[in-house]
Structure formats: C-alpha cells, structure tokens
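The sequence and the model come first, and the description follows.

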Amino acid sequence: MAVRAVNSCVIFRSASSPPLSAVRCRLYSFSTFPLRRYCKLGFRFPILWPERKFLGHGGVRSCSVHSLVDSVMEELKFMRKRKRVCAASKIGLTSSGELLEDKLSNRALEKGLLLEFKKDSDRVLLAVAQRPDGKKNWMVYDQNGVTSSIKPQQITYIVPGIENFDHTEISDFVRRAQDNLDPALLEFAWVELLEKHKSVTTEELAEMIFGCAEPLESYCAHLLLSKDEIYFSVLETKGSRSLYGPRPTMQVEELLRRKLTKEAAEKELQEFVQLLKSAKAKASEAKPPKSSWMVEEKIRHKIESLESYAIDACKDDDQKKTAGMILKAMGLVRTASTAVNLLIDIGYFPVHVNLDLLKFNIPTDHSDEIISAAESLLLESSDPDEIDRKDLTHLKVYAIDVDEADELDDALSATRLQDGRIKIWIHVADPARFVQPGSKVDREAMRRGTSIFLPTATYPMFPEKLAMEGMSLKQGEICNAVTVSVVLRSDGSIAEYSVDNSIIKPTYMLTYESASELLHLNLDEEVELKILSEAATLRSQWRREQGAVDTVTLDTRIKVANPDDPEPVINLYVENQADPAMRLVFEMMILCGEVMATFGSCNNLPLPYRGQPQSNIDVSAFAHLPEGPVRSSSIIKVMRAAEIDFRKPIRHGILGLPGYVQFTSPIRRYMDLLAHYQVKAYLRGESLPFSAGQLEGIASSVNMHSRVAKRLFGSSLRYWMLEYLRRQPKERRYRALILRFIKDRVAALLLVAVGVQASLSVSVGSQIGDEVEVRVEEAHPRDDFLELKEVI
C-alpha cells in the first residue's frame with residue numbers, strides 16, 4: 001500500500017489494493033454537507049479543496065473559503081502561470097522546466113519486453129517481443145497465444161521496468177490490471193493537476209494515484225489515460241509514449257454531460273432491442289399489434305426510424321443513424337431488406353407488406369373532415385341540372401366491368417334506327433352533380449389524382465360512401481348521368497352526336513365473362529347487346545382504316561382475399577383483350593373520347609385533349625409476327641409517350657382518331673372529372689371553371705400522382721404473380737411465348753397462364769413468336785426474382 005499527500009488530501013491506493021470503490025467515501029459540498037473523508041483501515045483524513053469545482057456523476061459541486069478579492073487574485077495568478085506553461089510548451093518544456101524529449105524518450109525494442117499493440121481498428125493486445133522480423137518489424141507473442149509480425153507504428157505502449165517477461169504470464173497480468181482499474185482515480189488526479197497546471201506521463205500518473213510506478217501500476221495508468229475521454233487530453237506523442245494534460249473545467253463539464261446523455265441513450269437502445277427480441281420470439285398470433293409500438297414517444301421514434309430505413313425514406317440523418325444502431329445492436333447487417341425482415345419478424349409489418357405503398361406515402365384512408373364533407377353532400381338533395389336532364393330510363397342499359405368493381409362509371413345502350421344505322425348511348429356517371437370545383441372533397445380528389453386498384457385493396461379517389469351511394473351507377477335504380485349519344489354511319493364513322501345530362505336505370509350489371517357468354521349464346525332477347533358488338537366491330541375496322549395500331553395483349557388481374565395472412569388466398573385471372581366483351585367496351589370508350597374531343601373543339605372548350613404522334617408506324621413491318629401479345633409487344637416498344645393539349649384536339653395516331661378526351665371514368669380519374677366540370681358548365685350556360693392554362697397547371701400535379709399509382713399497381717401485381725408462382729408445384733410446366741430476343745439466345749418470354757414476363761436463354765433455333773415449355777426454378781417476390789428453365 002502507498003500513502004500519498006495531495007494538496008491537503010490523502011489518496012491511498014496501490015495496484016495490489018482492493019478496488020477504490022471499497023474504500024472511498026463520497027464528496028459533499030463544503031458549505032452544506034459534512035467534510036469529505038477517505039476511509040482506509042479505520043483512519044479518516046479531512047480534505048479541503050480551496051475554491052475548486054469537483055465533477056462527477058452527481059454534477060458540479062463547489063465550496064469556497066476565500067473572499068472575493070482572494071478569488072480574483074488567484075485567478076490572475078492562474079492566468080499568468082498558464083501563459084508561462086504555454087510559452088514553455090512552445091520550446092519543449094514541461095511546467096516543471098523539464099525537456100519534453102526527456103519525458104517522452106522511447107525505449108528501444110528488445111527481446112522480452114512487454115508491449116501493447118494495435119491489432120486492428122477495434123482491438124488492442126498485450127504481447128511479448130520475441131525477435132526482429134526484417135529491418136523494422138518484430139515478431140511478438142500476444143495474450144491470445146498468437147505469434148505475429150507487427151510494425152513499430154502499431155505499438156501503443158511499452159510497459160516500463162520489465163525485461164525477459166514470461167509470455168505465459170500475460171493473461172494474469174491483463175487480469176490484474178483490469179481488476180485494478182477505477183476511472184474515478186482520474187478525477188482525483190485531474191483536480192490536482194488542473195490546479196497546478198501540470199502535465200503528466202503514464203508513470204507520473206501511476207506515482208500520483210498508486211504511490212509507485214511499478215510495471216503493473218504504470219500499465220494501469222496507461223489504460224486509464226488511453227481510455228479516458230473526459231479529464232485528460234494528449235498534449236504530445238513520441239512513438240509509444242504520450243504526455244497528457246488536464247482539460248479545462250468547462251470542457252470536462254460538457255464532456256460529462258455528453259457522457260451521461262450517451263449512457264442514457266445506450267440504455268434506452270438496449271431496452272428497445274430487448275422489446276424487439278421478445279416480440280421476435282413470440283408466435284405469430286401472440287406478437288404485439290402495430291399500435292402498441294406507437295404509445296410511447298421514445299419507442300415510436302425508434303420504430304418509425306426503422307420503418308423509414310426499411311423503405312429507403314429516412315427524413316434525416318438522425319433516423320438513418322438510429323435505424324443503423326438498432327440493426328447493429330440486433331447483430332444484423334445494416335440494409336433496407338434486413339430492416340424489412342426484422343419488422344416482419346416482430347409482427348409490425350405483415351409478411352406481404354407493400355413497401356411501395358409506404359414509400360410513396362399513399363393515403364389509404366380519407367380524413368374524418370373529408371368523410372364528413374362527403375356525407376353532407378349526400379344529404380343535399382338539390383340537383384342543379386334536374387330541369388335539363390333527359391329521361392332515358394326506357395333504354396336497356398348494360399354496365400360491363402370486372403366482377404370486383406366497387407364503383408361503376410359507365411354503361412351502354414344501343415338500338416338500330418329505321419334507316420338501318422346504329423345509335424349508341426354511352427352513359428357516364430355524374431360526380432359533378434355532387435362535387436364542385438374548389439370544394440374540400442374536390443381538392444382531396446385532386447390531391448389523390450386517381451383511385452388506386454391493387455390486388456390487395458382499392459384506395460378510392462372519393463370517400464367510399466359518396467362514390468358508392470351517390471355517384472356510382474346502380475342496377476335497377478334511377479341514376480344521374482352524362483350521356484353521349486352517337487349515330488354511326490355504315491362504315492363506323494360518326495354521323496351525329498349529342499351530349500346531355502340524363503337520368504338512366506341500369507338494367508344489367510355484367511362481368512366481362514358473362515357478357516361474352518351472352519354474346520356467344522346470341523339470344524334474341526338481348527338484341528341490344530348484339531348491336532353493341534356489331535358497332536364495336538364497325539368502329540374497330542374504321543379506326544384501322546384511319547391508321548390505328550392494334551396492341552391487344554393479355555390482361556392479368558389478381559385479387560388477394562386476406563393479404564395480412566402469411567399465406568393468403570390468391571385468385572388469378574388472365575384475360576385476353578381480344579375477348580368480345582372487352583373489345584366491345586374498349587371500342588365504346590374510345591368512341592366516347594372521340595365525340596368529346598369533337599364536342600370540345602366545336603364549342604371552343606379547354607379540355608385535356610390527348611394525342612400520340614405515331615401515325616407513321618408501318619404496321620406491315622410487324623406482319624410476320626403472330627397477332628396478339630407477340631406483335632403488340634414489338635409495336636409497343638417503338639411507341640412514343642402520349643401528349644396532352646388543353647386548347648385544341650391533337651391527333652391520336654395509335655387510336656386512329658383526330659382527337660381524344662378521356663371522359664368515362666370521372667369517379668376514378670381526376671382528369672376525367674376536369675373534363676366533366678368544363679362540359680357541364682358549358683351545358684348550363686355558365687362560365688367555364690378553368691382556362692387552358694389552369695388545366696395545364698392542375699394536370700402536371702395530377703399526372704404525377706397518376707404515374708405513381710400506375711407504378712404502384714405494376715409492382716404490386718408483379719409481386720403477387722411471383723408469389724403465385726412460388727407456391728405452385730415444382731414440377732408444373734408453363735407455356736411461354738418468345739416476345740423478343742434481348743441478347744444472343746436470351747429471350748423475353750410471356751408465361752401465358754399467368755401473364756408474367758421473364759427472361760431465359762432458349763435453345764438454338766427458337767424464333768420470335770415460338771412457344772417454349774418452361775418450369776419455375778425459383779421465385780422470390782420480395783426481390784422481384786424469377787428463374788425459369790426450359791423443358792426440352
């Protein structure tokens with residue numbers, strides 16, 4: 001044991017003594033608490049610190065025994081002394097006048113020395129020098145029993161006072177050093193050295209706090225200083241030796257504050273990690289609900305950071321850093337996919353979570369304010385167009401759509417006139433009867449831009465109750481509509497047309513399948529449906545004569561009944577767009593678009609006129625390809641993007657029309673609703689709500705949302721196609737069409753039974769349009785990975 005007097009205080013400590021915590025009493029403020037005492041072997045020694053701050057986990061405590069004048073004089077004395085220290089350091093002197101070179105002189109490496117070296121960025125090891133290895137390097141035997149060659153710059157400390165150290169005793173030396181470490185010792189040394197404005201080497205610090213500078217004590221002092229981030233800083237380093245100086249009081253206060261904050265954050269992180277591990281270990285049905293992670297602010301911040309990291313949507317560096325620390329603490333690699341899997345494992349995400357839905361921040365629900373406003377619209381019974389509505393309830397009306405359609409925008413009627421010409425009525429739902437431009441509900445619809453249809457859910461542009469009960473066409477009920485009536489010439493061109501507000505009473509709600517079946521049965525009582533089919537054929541022939549390009553392909557629909565289940569039911573439908581009912585509806589919608597473009601042009605109405613400058617496509621260049629998906633795929637590759645003009649019609653080369661305006665889906669598409677606002681204002685004789693420039697400004701925002709919705713639909717559809725294939729028996733075989741060759745024998749294929757595209761190296765001799773038989777080797781929907789193998 002060593003006893004050392006330090007400025008009126010006594011510190012008892014040696015490397016062989018028990019830890020200081022067993023013999024240390026607490027320090028109290030001199031003015032309000034009992035004197036601090038150090039207890040050792042039953043003796044007590046009073047400690048008085050004149051005009052000094054003492055720092056620790058309890059914060060900053062001070063005691064005073066000087067008058068104000070004495071304090072000022074001491075401060076001036078301190079400043080003068082500090083200047084002398086700074087000047088001395090510039091010429092290489094310590095505060096005692098000793099040359100720095102003498103204090104930092106390095107010991108030459110020789111066999112048997114005990115040294116510390118940096119193994120890598122995270123590890124520092126003790127080792128015994130064995131022999132030189134080349135001109136500068138040395139072979140050493142470390143505490144783990146490993147012999148290796150190290151460079152001089154890797155050496156961080158040479159333990160003084162040791163020669164011919166036995167390498168078998170390294171582990172015991174390390175253990176004894178670790179047992180003797182007490183960071184609180186640095187605090188005591190810092191107080192004395194700060195007052196005296198002195199710097200120290202490791203050996204000098206060992207002498208101060210342990211009472212001697214033996215090898216073990218010196219190494220302990222080195223460990224304390226090298227790991228310290230609060231009280232001391234390195235003033236000078238020469239080789240493996242360093243000179244340390246006490247930090248200023250204010251800096252120590254700040255570093256202690258940061259340390260406490262960091263420790264609290266680390267504790268908080270560990271508690272959160274334990275929550276994650278606990279949730280991960282539970283069975284699926286016992287995992288905590290998503291809402292439970294949102295109750296406490298600290299937990300919510302971390303789980304939201306993890307979610308943002310998972311979808312590559314971190315708002316700031318703090319979220320990214322927080323997520324990275326969580327993954328590291330969980331022993332996981334820091335990648336977005338790892339974060340996704342972790343959130344699935346704890347039950348926060350369902351197994352088949354739609355990441356794009358989260359990434360694009362798609363609103364899945366309407367706010368209470370919008371729902372309330374929508375319900376108010378339903379309660380208002382006034383119809384501004386009631387007097388002018390044409391009564392068409394006598395017509396047989398067919399509404400044809402997919403079987404899961406929630407809202408119906410359009411329906412059809414037809415008859416044959418006495419002169420043999422065909423007259424068609426295209427009835428379009430009338431949401432503008434409820435919603436006015438600039439209203440709350442309208443602004444929300446504009447913000448969304450479109451309804452989003454996914455295999456797992458539909459997110460409507462309007463609140464569901466308003467769309468279903470007020471706007472949608474319903475079988476057997478009187479419905480408000482905007483009706484476009486058209487009389488066709490025998491060649492399929494438009495002879496005459498009209499646009500009117502109307503009331504209708506839909507007769508049939510048919511799926512494409514049931515409508516095609518009725519057409520196939522050729523029933524006399526459904527003559528109107530046959531007339532519509534005939535009109536569709538006339539229109540298709542006429543458009544081809546005008547340069548229209550047929551791009552018929554396969555259309556895949558998927559409905560997932562219970563998407564939050566790990567193994568939900570997948571209903572897959574693959575429809576050929578050449579199906580009679582689908583072609584019928586397609587032609588009638590195009591006919592309506594042509595009429596509205598003509599109507600707008602004749603009445604000088606600003607509308608979203610769509611066009612596509614592709615009239616110069618040489619269809620004959622693709623004549624050698626089979627009709628259907630193969631030919632359509634090749635044509636689509638050379639098509640250019642559609643254009644919009646808001647002042648006048650522009651030619652739509654692909655459709656073979658002089659002008660085209662989308663008008664038939666105003667409940668689902670906001671651009672269609674804009675056309676309704678303009679047309680209905682004109683029919684009422686009112687000023688138009690929007691100029692061409694205003695329409696263009698609105699369209700730029702709406703079209704951006706529409707593109708996001710289209711991308712979201714495509715990625716979601718493909719995900720569920722791959723999930724469907726993943727579940728199929730490995731031995732199942734699929735018929736695939738070669739659409740084109742990507743490179744050499746690598747071909748783009750279309751799996752006919754699923755409607756999904758993939759690439760595969762096919763056998764020599766295969767040509768575009770050929771069928772090949774394949775099987776699925778692997779399918780990973782989360783990674784958008786599909787591997788096929790040709791069956792020969």
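Serine 308 is found in helix 8, residues 297-310; helices (H or I, at least four residues) and strands (E, at least two) are DSSP runs, numbered from the N terminus. This is a predicted model, in which local features need pLDDT of at least 70, side-chain atom pairs count only at pLDDT 80 or more, and totals for chains, interfaces and linings use all residues. Residues are numbered from 1 along each chain as its sequence is written, and side-chain values use heavy atoms, with hydrogens and water left out.

With a relative accessible area of 11%, serine 308 is buried. Buried means under 20% relative accessible area, exposed over 50%, and partly exposed in between, with a 1.4 Å probe and protein chains only. Neighbours within four places in sequence aside, serine 308 is in contact with Ala313, Cys314 and Gln319, where contact means heavy atoms within 4.5 Å.

## Tyrosine 682

Helix 19 (residues 670-684) holds tyrosine 682. Tyrosine 682 counts as partly exposed because its relative accessibility is 33%. Not counting residues up to four places away in sequence, tyrosine 682 touches Phe599, Asn603, Leu605 and Leu688. One of these, asparagine 603, is 79 residues from tyrosine 682 in sequence, and the two are 8.7 Å apart in space, C-alpha to C-alpha.

Most residues other than glycine have a negative phi.

## Helices 15 and 16

The axes of helix 15 and helix 16 come within 10 Å and cross at roughly 95°. Axes are lines fitted to C-alpha atoms, for helices over the stretch in contact, and angles run from 0 to 180 degrees between N-to-C directions. Helix 15 and helix 16 are therefore roughly perpendicular to each other, a term for angles of 65 to 115 degrees, while under 35 degrees counts as roughly parallel, over 145 as roughly antiparallel and the rest as oblique.

Where do helix 15 and helix 16 meet? Ala515, Leu518 and Leu519 in helix 15 meet Leu529, Lys530 and Ser533 in helix 16. By class, this contact of helix 15 with helix 16 has 4 nonpolar, 1 polar and 1 charged residues. Ala, Val, Leu, Ile, Met, Phe, Trp, Tyr, Cys and Pro count as nonpolar, Asp, Glu, Lys and Arg as charged, and the others, Gly among them, as polar.

## Strands and sheets

Strands of a sheet pair through backbone hydrogen bonds, either parallel or antiparallel. Two strands pair if DSSP finds at least two bridges between them.

Strand 15 (residues 398-401) and strand 22 (residues 508-511) run parallel and are joined by 4 bridges. Alanine 399 stands opposite methionine 509 in strand 22. From strand 15, Tyr398 and Ile400 point one way and Ala399 and Asp401 the other way, and all are buried.

An open sheet of 5 strands, with antiparallel pairing, has the order 10-9-8-7-11. Strand 10 (147-150) and strand 11 (155-158) stand at the edges, each with a single partner strand, so one side of each is left without a neighbour in the sheet. On average, neighbouring strands of this sheet are turned by 45° against each other, direction ignored. Strand 8 (residues 124-133) pairs with strand 9 (residues 137-142) in the antiparallel sense over 6 bridges. The bridge partner of arginine 131 is methionine 139 in strand 9. Helix 6 (residues 215-227) packs on the sheet and touches strand 7 (114-118), strand 8 and strand 11; the direction of helix 6 makes about 145° with that of strand 11.

Another open sheet is formed by 5 strands in the order 29-28-27-30-31, also with antiparallel pairing. Because strand 29 (756-761) and strand 31 (785-790) stand at the edges, each with a single partner strand, one side of each has no neighbour in the sheet. Neighbouring strands are here turned by 50° against each other on average, direction ignored. Strand 27 (residues 733-743) and strand 28 (residues 746-751) pair in the antiparallel sense over 6 bridges. Alanine 748 in strand 28 is the bridge partner of arginine 740. Helix 18 (residues 629-638) lies across strand 27 and strand 28 and runs at about 30° to strand 27.
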